[in-house]
Amino acid sequence: MSESVAAAIPARADRRVWLALLALLGLGVLLLVPQLAAWLGKPFLVGVFTRFAIYALAAVSLDLAMGYGGIVSFGHAMFFAVGGYAVGIIASHVAEAAPLLGWAGSSSALVVWPIAVLASSVLGVFVGYLSLRTSGVQFIMITLAFGQLVFLILQSLEAYGGDDGLLIAHRAEWPGLGRPSDAAFYYICLGGLALWVGLLHRLVRSRFGLVLRALRQSERRVANLGYPARPYRLVAFTISAAGTGLAGAMWADYGRFVSPDMGSWTKSGEFMAMVILGGVGTLIGPVLGASVFLGLEQLLTGLTERWLIVFGPLLVLAVLFARRGLIGLLVR
Amino acid sequence: MLLVLEQALNGLQYGALLFLLAAGLTLVFGVMNVINLAHGSFYMVGAFAAAFTVANTGSFLLAALAAVVAGALYALLAEVLVIQHLYRRSHLDQVLATFGLTLFTNELVSLAFGRTPPFVDIPPLLRGSVEIVPGLSYPLMRLAFIAAGALVGLGLWMLINRTRLGMLVRAGADDPEMVDALGVDTRRLFAGVFALGGLLCGFAGVMAAPLLAVEIGMGERILITTFVVIVVGGVGSVKGAALGALLVGMSDAMGRALIPGAVAGLLPSHMADTVAGGLVSATTFLLMVLVLLVRPRGLVG
């Protein structure tokens with residue numbers, strides 16, 4: 001017995017060293033992306049890596065709910081879309097000099113992005129409050145349904161482009177940067193991702209995170225210790241919505257375009273796929289998952305326009321055979 | 001008044017379609033504890049099989065046969081290759097694997113049939129309409145759809161409550177391990193239930209083909225509404241699926257009939273259209289929220 005414990009401790013330590021090394025190496029490469037892209041003569045890579053940072057942010061946020069909270073949300077694209085539309089709608093009012101509910105609007109990212117995060121958080125509280133009355137498979141179905149509702153509402157917003165979506169004339173401005181260049185914008189997104197992962201890292205190790213993880217393992221025991229399940233889960237769900245909304249705001253400024261497709265159910269599925277491909281219940285897993293997803297997309301769309309015909313079965317195989325995701329394969 | 005009656009019939013017809021899809025989905029969940037996103041794919045496969053057969057033979061009867069066979073076979077194939085390995089997995093794994101299956105099926109069908117939606121004509125026997133009450137004539141095809149939904153509902157009830165197979169299905173839903181221990185081959189039982197779900201999807205596909213657009217992605221849109229039906233009715237119960245399908249079908253149809261007029265009276269015209277459009281598509285989901293607030297576990301169960 002004691003031998004197996006002794007053997008288990010270095011294994012765990014190994015695992016940590018491994019992960020830390022991997023994270024450092026990844027960070028080093030990520031910091032040099034604009035330089036590397038210029039050196040390779042492939043400037044489009046900056047865009048690819050910006051997308052990576054944004055998707056990773058959404059995936060990590062989703063994993064807070066899914067992996068740590070045990071709340072399987074299949075509607076997270078709604079927060080992504082609402083964050084994006086908040087940025088898009090404010091930008092369109094600024095461009096047309098038409099006040100929005102009496103407010104002249106703003107073109108500063110430090111004003112617009114927090115509003116986007118706030119909007120998706122409010123939606124998160126609302127949807128979470130209603131959906132968390134159920135659990136398990138019903139919760140999955142209900143979040144999917146709410147996601148579809150948001151999608152349909154965005155489609156019917158004729159004033160903001162309806163089905164066709166909304167073009168954004170200019171990126172929001174940053175103090176000292178003005179309208180950020182592609183490379184500067186990449187660093188902003190990467191910084192946002194790093195900050196958010198750091199924040200979540202502290203959160204899941206806090207008292208709150210402990211209760212959340214304990215709830216996932218046994219709701220009854222935790223309830224008997226005096227911690228009510230729903231408020232904790234609702235807070236986790238809302239924080240998760242906030243992070244996904246921030247990713248949506250980034251996405252809007254990245255492509256300078258928002259459309260209802262940001263909130264389509266397949267987008268929710270893609271976010272889930274990133275989390276699972278990478279490894280549920282870790283913070284680095286979803287980041288890896290996002291990079292694998294984008295890598296596959298980049299690789300397969302290069303081969304065929306119908307890349308989903310390959311990606312679909314790959315996803316099935318990953319679920320059947322790589323049970324703990326990429327993290328599970330890398331670190332045994 | 002006539003408008004309300006007509007919309008009530010439309011609601012019944014939509015409810016019948018939803019029931020055909022929800023019955024299989026809820027059975028699969030009740031018996032095997034599997035959430036299957038690819039259920040909508042079986043419906044799409046059925047509709048495309050029907051369209052293909054009609055285009056090549058001109059016979060709607062053959063098309064119906066092709067649709068149910070294609071739906072059942074594709075479901076069986078999916079069960080054997082993928083789903084049976086997911087029975088003991090988490091819902092999360094099931095969602096993701098069947099999501100992959102859906103993406104694959106969509107591309108496969110568009111590869112096989114091209115991107116232009118095929119057109120399916122209403123069969124000659126069901127063309128035209130009947131005058132139900134003076135002043136209201138209603139298309140025969142839609143009436144046939146309602147009748148088919150009712151017949152399938154009756155048949156399923158008989159199957160589940162009056163046959164040995166139905167007894168096993170009910171027992172399997174309660175305690176699969178005990179059924180297994182009693183010597184029943186649950187592997188085959190589960191595969192059979194799954195294929196039955198696929199068959200019902202195929203049937204829904206051929207019935208819907210002349211009325212709705214046969215296109216890629218048709219399965220997922222209605223699948224999400226089918227989930228609402230199941231949540232409203234109570235997960236795992238066929239009776240709940242019937243009740244939920246009726247409620248969702250009716251509230252959708254009534255929403256379409258009544259909301260635009262009501263909103264036009266309240267709001268200036270340039271806003272009314274947008275708001276009414278949004279509200280109409282939200283009716284189904286509002287019903288879900290309402291039921292959820294009162295009975296989180298659904299109406300039945």
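**Helix packing, a loop proline and a hairpin**

Good morning. In this predicted model, helix 3 of chain A packs against helix 10 (residues 229–255) of chain A at an angle of about 170°, and their axes are 8 Å apart. Because angles over 145 degrees count as roughly antiparallel, helix 3 of chain A and helix 10 of chain A are roughly antiparallel to each other.

Let me turn to the residues in this contact. Helix 3 of chain A contributes, among others, A:Thr50, A:Ile54, A:Leu57, A:Leu64 and A:Tyr68. On the side of helix 10 of chain A, the residues they meet include A:Phe237, A:Gly243, A:Met250, A:Trp251 and A:Tyr254. By class, the contact of the two helices has 16 nonpolar, five polar and no charged residues.

Next, A:Pro43. This proline lies in the loop between helix 2 (33–40) and helix 3 (44–68) of chain A. Is A:Pro43 buried or exposed? A:Pro43 is exposed, because 12 other C-beta atoms lie within 10 Å, and 12 or fewer is the criterion for that class. Neighbours within four places in sequence aside, A:Pro43 is in contact with A:Ala37 and A:Ala38. From A:Pro43 to A:Leu101 the C-alpha to C-alpha separation is 40 Å in space, and the two are 58 residues apart in sequence.

Finally, chain B. Here strand 1 (residues 129–133) and strand 2 (residues 136–139) of chain B pair in the antiparallel sense, over four bridges. B:Val130 has B:Tyr138, in strand 2 of chain B, as its bridge partner. The hairpin of these strands has two residues between them, and in this hairpin B:Gly135 takes a positive phi near 95°.

Thank you.

Definitions and conventions
Residues are numbered from 1 along each chain as its sequence is written. Chains are lettered from A and ligands numbered from 1 in the order in which they are written. This is a predicted model: local features need pLDDT of at least 70, side-chain atom pairs count only at pLDDT 80 or more; totals for chains, interfaces and linings use all residues. A residue is buried if 20 or more other C-beta atoms lie within 10 Å of its own, exposed if 12 or fewer, and partly exposed in between; C-beta atoms are placed from the backbone. Two residues are in contact if their C-beta atoms, placed from the backbone, lie within 7 Å. Two strands pair if DSSP finds at least two bridges between them. Axes are lines fitted to C-alpha atoms, for helices over the stretch in contact, and angles run from 0 to 180 degrees between N-to-C directions. Angles under 35 degrees count as roughly parallel, over 145 as roughly antiparallel, 65 to 115 as roughly perpendicular and the rest as oblique. Ala, Val, Leu, Ile, Met, Phe, Trp, Tyr, Cys and Pro count as nonpolar, Asp, Glu, Lys and Arg as charged, and the others, Gly among them, as polar.
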